[in-house]
Amino acid sequence: MTCAFTTAAVRLLASHADAKNAGPMERYMKNQFPFLGIKAPLRRELSRQLFSWWDTVDYLAAHTIGALFSRSPELIRPNTTAWVKGDNIWLARTALLFQLSYKSRTDRELLFALIESCAASREFFIAKAIGWALREYAKTEPEAVRDFVETALANLSRREALKHLG
């Protein structure tokens, strides 16, 4: 089963395939892998189209990373803690959103700790992610979210978190 992201990536890259380059590339790698014949500069440009925006990050966070962490929980704390403390907003956003579909399996303590780690951020995409993560968790634990938003959160995060709670 292929996800929409994989389908889009394959379609984009295949549309730029260059058969005259593919053969030499395959031979250089001792014919161990098939190649599309896309040279590095164009491949990097195409990759930026696939990987450089919030909707890609959100899909990967909620589905790919969420599933990976569900299968390998020992990876959760070291990675998410490093991601929210780092300087890459997309990794921080991933740390905040990976539990979106966990519902009653959400680790509340971890979610709230990650949010507290980056609640002071002035980055729009972080504030929105905080609100979205809390809004989603509020469907399972509305009182816990109501109590938590009384802490120091940006107005945007608070508004997003309480959007459906009234």
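Me: What does L97 touch, not counting residues up to four places away in sequence?

Reply: With contact meaning heavy atoms within 4.5 Å, L97 touches D58, A61, A62, A129, W132 and A133. This is a predicted model, in which local features need pLDDT of at least 70, side-chain atom pairs count only at pLDDT 80 or more, and totals for chains, interfaces and linings use all residues. Residues are numbered from 1 along each chain as its sequence is written, and side-chain values use heavy atoms, with hydrogens and water left out.

Me: Why is L97 called buried?

Reply: Buried means under 20% relative accessible area (exposed is over 50%, partly exposed in between; 1.4 Å probe, protein chains only), and L97 has a relative accessible area of 0%, so it is buried. Of the 166 residues of the protein chain, 38% count as buried.

Me: Which helix holds L97?

Reply: L97 is found in helix α6, residues 89–97, where helices are DSSP runs of H or I with at least four residues, numbered from the N terminus (strands are runs of E, at least two). The protein chain comes to ten helices and zero strands.

Me: Why is the protein chain called more spread out than a compact globule?

Reply: The radius of gyration is taken over C-alpha atoms, and the globule rule is 2.2 Å times the number of residues to the power 0.38. For 166 residues the rule gives 15 Å, whereas the protein chain has 20 Å, well over that value, so it is more spread out than a compact globule. Along its principal axes, the C-alpha trace spans about 60 × 30 × 25 Å.
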